[in-house]
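Let's walk through this model together, one neighbourhood at a time. Keep the structure open beside you as you read.

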Amino acid sequence: MCITLNTTRDGLTAGSPSGMLIRTVKKVLSVRIRLARAIEEADGPRPSALLCCASMEGTMHIGLDFGTTNSSAAIYDGDTLKLLSLDPVNTSHSILRSTLFVTREGAPFIGREAINRFTEGNVGREIEYEWKYIGDAEITFAEFGTVVQALYVTVDANAPGRLFQSLKTGLRDKSFTKTNVFGKQYTLESLIAVVLRLILERIQDVLGQPVTSMVIGRPVHYASNPKADTLAFQRMQAACELAELPNVTFLEEPSAAALSYAHSAQGRQHVLVFDFGGGTLDVTVMQLDGKGGRLVLATDGVPVGGDLLDQRLVMGRMLPHFGAGATLGPRRLPLPTHLLENLSQWQTITDLTQPKYLAIIDEAIAIGDKPQELRALRSLVRQNYGLPMYEEVERAKVRLSEADETILAMHMGDIDFAERIPRWDFERLIGPDVREVERCIDRALEQAGLAAADIDVILRTGGSSRIPRFVRMLADKFGAEKLQEMDVFTGVASGLALAAWERSRELTA
Ligand SMILES: Nc1ncnc2c1ncn2[C@@H]1O[C@H](COP(=O)(O)OP(=O)(O)OP(=O)(O)O)[C@@H](O)[C@H]1O
Ligand SMILES: [Mg+2]
C-alpha cells in the first residue's frame, strides 16, 4: 500500500497515486496522520514579530490603497497632500507592486524587490523534484487491523523562494485558505498581513513616527456573490488585525477617488468615477453641491480587471505556441485539455511542474505532431517562464493602449515566437468584459436615479481605465468632452488620505 500527499498551491491533499485508495477500501475504521516536526502547522510568521513597533501618541492619519497590482499611500495634514515613498527600488517610488516573496528561510520581501528576487532565483532554473518524508499514516481496517504507512511529498528541491501576486483577488476565493511554503502553512490572511505590516513599517520609516490611524480602500464588491464578498471583506479585516495596523477603517475605492476630485472641484455637479484596476472595476456616482457638500448616490463594481484581460490574451492568442491542437500517437488523440487550462494564471502554470504532468508533456513531445510547441510548453513549465510570459503579455496589452498593433515576442529556453497582435483582436477577446463593465455602469446610474446626460464629469482612474476600448465605451455613453483622467495609480490613495484626515477631525470634534 502506498499513500502520497500532493502539495498544491492551496495546501496538501492526501491520496494514493491513483487518488482512490482510501475511498475504495470500504471498511476503514480510522486514519490517523502524524506529521513529522518539519511540517509546522503554524499560520506563518506572526507579522508583529517582524517589527516591534513602539506605541506612542501621534497624529499621523494615512490613506492606504492596497491594490491587486499596485499599492500606494498618502498623508494629508489639512493643508498639504503628500504621496509616501513605499518602494525605493521601483521607477516610481510612490507605487509599490503588491507582491510578496518568501524565501526558503521564511524572510519576506515586497514590491519590485520581491519580483527581482523571484526572477533572479527562479526564472530559467530547471526544477528538480525530490521526495521528502513528512510523517506517517496509521490506518485501521476492520478486516486487517492497523497498518502504518510512511508519507512522502514531492518538493521542488532548489526553489529559493515563493512569489505571491494579486493576493487581494485571493480574498474572494474561498478555496484559497492555506498554502504550504517550504513546510510552513500560511493562511491567505497571514500572507496579506505580512505585506501590510511591511508597508506600515515603510510608512513609519518615511514619517519618522508611528501611524495613528489608517483608512484603507476596499472595492465596492470583492466578488459578485454576496457570500464570497462578505467573506473577502472579513478576511481583509482579519489581515489588518493580524498585521496590527492602527485604528483601521475602510472606504470604497472609487468614493475615495471622488473625494480627491471633490477636494478641488468648483460648482454643482454629478461625477461618475470609473476606477478600473488590476482586479476590479469600481464605480461611484457622487453629487457635489458646489459648497463643499458631497453625497454618494450610488456605488457598484464587478470583478473584472487587468489581470482578467491579460488572461484573455494568453488564452486567446498564446496557446498555439504551447501545443494547442496537437495530436498524439497514431490514433491522433488530443493533448489533454487540462494541461493548457493551467496557463490561465501564472500561478497555476507551476502546478504543471508536478512530475506526473511533466511525464505527460514529455510523452507528448515524443509522440505528438507539434514537438517544437510542446518543447516550448515544457520549457515554460520546467524553467519557470510563466511569470515572464504574463509580464510580456501585460506589456503588450499596455502598448496596445497607445499603438494599433504590437509584437508579442518570447525568446527564452525552448520558447521562440513573435506574434503580431492588432488592437482590434484584443478588443474582440475582451468583448464580454466590456459588456459586463457597461452593465455595471448602467446599474450605478439606475441606482443613482440619473441618466447618462445628467453626469457632468467622468473620472477615469486605475491603470486599466487607459484601455482605448473602455475609453471609447465611456465616450459613446457620456460624450468624450466629459472624460477626465485623474492620477491613475495614486488617485485613490490621495482620496483615502483626505478621508483619514476628515475622520480624525470628526473624532476629535
Ligand atoms: N496604459 C495601460 N493600458 C492598459 N492597462 C494598463 C495600463 N497601465 C496599467 N495597466 C493595467 O492596470 C492594472 C493595474 O492598475 P492599478 O494599479 O490601478 O490596479 P490596482 O489598484 O492594483 O487594482 P484594484 O484596484 O483592482 O485592486 C494592471 O492590470 C495593468 O496591466
Ligand atoms: Mg485600484
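Two strands pair if DSSP finds at least two bridges between them; helices (H or I, at least four residues) and strands (E, at least two) are DSSP runs, numbered from the N terminus. This is a predicted model, in which local features need pLDDT of at least 70 and side-chain atom pairs count only at pLDDT 80 or more, while totals for chains, interfaces and linings use all residues. Residues are numbered from 1 along each chain as its sequence is written, and chains are lettered from A and ligands numbered from 1 in the order in which they are written.

With that in hand, look at strand E24 (residues 457–461), which runs parallel to E25 and is joined to it by three bridges. One of the pairings to find is Leu-459 with its bridge partner Gln-484 in E25. These strands belong to an open, mixed sheet of five strands, ordered E19-E18-E17-E24-E25. Strand E19 (294–302) and strand E25 (483–485) each have a single partner strand at the edges, so one side of each lacks a neighbour in the sheet. From one strand to the next, the twist averages 20°.

Helix H6 (residues 253–262) lies across strand E17 (268–276), strand E18 (281–289), E19 and E24, at about 35° to E18. Angles here run from 0 to 180 degrees between N-to-C directions, and axes are lines fitted to C-alpha atoms, for helices over the stretch in contact. Two residues are in contact if their C-beta atoms, placed from the backbone, lie within 7 Å.

Now turn to a pair of helices. How do H7 and H12 pack? Helix H7 (residues 306–318) meets helix H12 (residues 386–399) at an angle of about 105°, with their axes 9 Å apart. The two are therefore roughly perpendicular (angles under 35 degrees count as roughly parallel, over 145 as roughly antiparallel, 65 to 115 as roughly perpendicular and the rest as oblique). H7 contributes Leu-309, Asp-310, Leu-313 and Val-314 to the contact, and H12 contributes Tyr-390, Val-393, Glu-394, Ala-396 and Lys-397.

Buried residues of H7 include Leu-308, Leu-309 and Met-318. A residue is buried if 20 or more other C-beta atoms lie within 10 Å of its own, exposed if 12 or fewer, and partly exposed in between, with C-beta atoms placed from the backbone. The buried residues of H7 pack against helix H3 (167–170), H12, helix H13 (423–429) and helix H14 (431–448).

Finally, visit strand E15 (residues 213–218): five of its six residues are buried, so E15 is largely enclosed by the rest of the structure. E15 pairs in the parallel sense with strand E4 (residues 61–66) over four bridges, and five bridges join E15 to strand E16 (residues 248–252), also in parallel.
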